[in-house]
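My notebook is open, and I have a few things to look up in this one. Here is the structure I am reading from.

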Amino acid sequence: MSQEKQLKVILFEMNGETYGVPVEQVLSIEKVDGITRLPNAAPFVKGVMNLRSIITPIIDVRERFQMGHSKITPDSRIIVVEQDEMSVGLLVDSSKEVLDIDADQLEQAPEMIGGSSAKYLSAVAKIGEDQLLLLLNLKQVLNQNDVAALRANGVEA
Amino acid sequence: MDMSQYLGIFLDEAREHLQNLNDQLMTLEERSDDSELLNSIFRSAHTLKGSSGQMGFNNMMELTHTMENVFDALRNKKITASRDMVDVLFEGLDHLAAMIDSIEQGGSDARDVSETKEQLEALTGKKDASKSETVKSSNGGTMKQQNDAQTHFLKLEDYEKAYMKQALDQNLKVYELQVTLNKDCVLKAARAYMIANALEEEGSILATRPATEAIEKEEFDQKLVYLAAVECEGQKLKQKIEAISEIAAVDVSSISEIEEQRAPQQSQKEQTESTEKKRNQTSRASATSAKKPVAVAKTLRVNLDRIDQLMNLFEELMIDRGRLERIASDNHHSDLSDTVEKIKRVTNQMQETLLNLRMEPIEQVFNRFPRLVRSLSKELNKKVNFVVKGGDTELDRTVIEELGDPLMHMIRNSMDHGIESPALREAKGKNPEGTLTLAAYYNGNQVIVEIKDDGAGINREKVLAKAIEKNVVTEEEARTMTENQIDHLLFASGFSTADKISDISGRGVGLDVVESKIQSLNGTVEVVSTPDQGTTFTVKLPMTLSIINALLVQTGEETYAVPITSITETALKRQVKTFTIHDQTVMDYREGVIPLVSLADYFAVPDRKTDKREGSENSGAVVILSHGEKKVALTADQLLGYQDVVVKPLGKYLEKVPGFSGTTILGDGRAALIIDCQRLIETNKTIKEKA
C-alpha cells in the first residue's frame, strides 16, 4: 500500500464518520429503491435488490459494525462494491466525493476507532483539519466466516 | 506446442467419437457384415487415436490403436464379430471414457489397461507385430509430421487430392519430388524458394512437405517433398532442380506410380490417417457423409457463459419493455402503442430463440442406455428389446446433465424387478423377449420422459408388506392406501422389494434418490402399473430451468414466488376447515389432515398481523404444496396469479441462506424470492394421518 503513490477513494458517510473504499472496487452508486427483505439471512443483510438484472445483496454497514440500524433517508445510498467476484451493495448514510490520497498520508488503523473494530479497516488517513478518513477493508467486511462470531457478539452487546 | 487451448475441443470430440463407437458397437453384433458400419467404427477409432496422440495422451492413443486393429481386422473380414468380442471392445471404451473424464478433471490418461489390451490383441489372433512400430510412427507422425523427412510418400489432405485429381483430369503430369539439401546448406529457406520457383516455371505446386509456412521458417532438416503438376517430363524437373546449388539429391517419381506402389489396404489406411488427423473437428460429419452425403446442420460451439450473458441483457430489455408498455397505455399515444406492440412481438420471438440456444436433444442422455440394457440383460439372463423414442426432444442443457442418473435408476429397476425371466414370461404366455421403452415427448411446456416395461408390474402386496416391515407405513395406514399410493411407495427412502440384494438395484437407494433429483429439477415422477402387463414411470420436466411457471403469493407487503411444480391445488381460506392438534394448526384434506403453515410466520413477515389480523380466519388463500407423499398447506394473504418467471440464483454471498431456491425479477423491477418448497415441507413435521 505504501508503495502506491496515490489512491483514489470514494468517500461516504456513516454515523458522522467519513469512510472510503478504493474506487476500483466500486461498481456503481445507487439510490435506495426496492430492497426485498431476505428472511433467514444474517441481521445485517437488508435484503436483495435488482440492479440491472443482477440480484445484489444489500448489507447495512452500520449493523455489520454493530452500531445499530441504518435509517433510510433520501440521502441514503448503496455503494455497490466488488470483492472476490461477488458484488455486494453497502447501505450507507450518504455518498460524497472521490478523493486522491497520497500514500504517505495513510496510517495503520488504531485498535478501536469511531466505534468500528480495526479489523474492518485497512488504514486511516487525515484529511482536512480535524477529519479522519477510515478506509474499509472490504475483504473483512464481506467475510462470511466472521458472521457466526458476530452474531454471538451481538447478543452480548 | 501448447495444446491446452485445444483441450476443450479435444474432449468434446473425443466424447462424440466415444458415443459414436458405443452406438455402433451396439449394432455390430447384428450387422457384422455391414461394411458401412465397420468403416464408420474404424474411422471414429482412428480419429480418436490421431487426436489423442496429437494431444500427447499416449496411453489413450495406444489403447485406441489396439482397438482400431480389431476394427481393421473386422473390416477386412479377417475375423468376425462375436458377443465376447463386443464385450471386450466395450471394456476398452469404458477405459477410454474413464481416461477422458480424468483428463477433463485435470488428470492424465494414466490407467492400467493392460488386461483389456491383451484381450484385444488376442482377438486379432496375433500380438500385432507391427504394433510398436505403428504406434511409434503414428505418434511421431502426429507430433512431428511437419519435420518428418523420413516420410517416403506424401500423405495427402483431401483438398490436395482434389487438386491432384483436377490436374490429372487436365492431362497434366503429377510428380512427387523428394529433394535433399546438402547437410551444410546454410540458407535452406532460400534454396527451397529457388526450388519452388523452378517448379513453378514448369507448372504448379500442389503440395509440399513440410508446409510452406514451415519451409519459410526453415523448420525442416534436409529433406523437402513437393507434389507438382507440370506439362514437362520428370527428368526435366530433376535437371532443373539439380542445377540449383547445395542440392544433394533429387528423386522424382510419377504420382501414378506411387499409387500403384501403395498396397490398396495400406494406402487407404494411411490416407485416412493423415486426413482425419487434421480434420478431426468434422470427422463425424464427414465420416458419414463420405459415401452418401447427409444434410448436416452447421453448428458453432459457444461458451455457455456468453449465452447466459445474452439472457441477462435480454431480461433487462424485458423489464424496460414492461415499463414502456405502461407508459404507452398511460399516455394513449397510438404511434407509441403500435411501436411497443411491435417490440413486444419481436422480443417474444427473441425470448423463444434465446431459450432454444440452451436446448439440447435428450438423446445425449438416452444414448448411454442401450449399452446399460445390453449388459444388464446379459447379467440378469433376460431377453430385452430396448426401444428408444423421441431422442430429438429438446431440453435445457442443465436438465439434461442432471437427468442421466435418475433415468438409469429407473431403467435398472425395470430391468431387475419389472421384466421377468424368459422362462417365466413364456409360462405366462408372453413373448419371452421383454420390451423396455424409453420415450420422450413434449406436452405443452413440459417434456415427458417415459420408461415403460411389459413386465410383471408392481406386486402391491409385497410392496405393502415390505413397507410395513421397514416402518415406512403403519398397518393402519396401509389399509386405507390407494393403489397409486402403494405404487408410489417405491420412491420412499429405505425401501426395496428385491428378494436378494443384487448389483443392479435393490440396495434400497435409487428410486428415492430419483424422486428428489427430479424434484430438484422442478419436475415430478409418477409410476403406473398393471399386474402382468407392466410398469410405466413417467417423468415430467420443465423444458427449461431458467424460466419457470410460478404462483405469486402476497403476504403483507411481500411477494413470493411458488414453483408450480410443487403446487397440488389452491383454495380460499374460508373454504377449508382448520383446527388445532398439539399446538399445530392443521386442515382437513381429503381423507386426512395436513399441517397449515402461515407464510407470514414462516418468513416472519413484519407489520402484518396488526392490520390484517381482523378477519384473518376467513380472508386469505391456501396453497397445498406437495413433496412426494408429504403435503403442507401454505396460507398467504392473497394469490396474485401465475406467471413465467426467470430464475436467478441468490449468488455466492447469500448462498447459505436457507429457504429459497432462487430469486426472480417482477414486472415492476423488484426482486422476489422463490420459495424452496421442499425445505418448507420437510422442516415441517408431517402430522401422521389419523383416522
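I began just past helix α20(B), where B:N471 takes a positive phi of about 60 degrees. This is a predicted model, in which I need pLDDT of at least 70 for local features and 80 or more for side-chain atom pairs, while totals for chains, interfaces and linings use all residues. Residues are numbered from 1 along each chain as its sequence is written, and chains are lettered from A and ligands numbered from 1 in the order in which they are written.

Next I went back into α20 of chain B, residues 460-469 (helices are DSSP runs of H or I, at least four residues, and strands runs of E, at least two, numbered from the N terminus). I found B:V463, B:L464 and B:A467 buried (20 or more other C-beta atoms within 10 Å of a residue's own; exposed means 12 or fewer, with C-beta atoms placed from the backbone). Seen down the axis of α20(B), the buried residues fall within an arc of 95 degrees (taken from the directions from helix axis to C-beta atoms), so they line one face. The face turned away carries exposed B:E461, B:K462 and B:E469.

What do the buried residues of α20(B) pack against? They meet α21 (475-480) and α22 (483-488) of chain B, with contact meaning C-beta atoms, placed from the backbone, within 7 Å.

Last, I looked up the sheet: five strands of chain B, open, in the order β6-β8-β9-β11-β10 with mixed pairing (a pair needs at least two DSSP bridges). Its edge strands are β6 (383-389) and β10 (524-530) of chain B.

Note on methods
Two residues are in contact if their C-beta atoms, placed from the backbone, lie within 7 Å.
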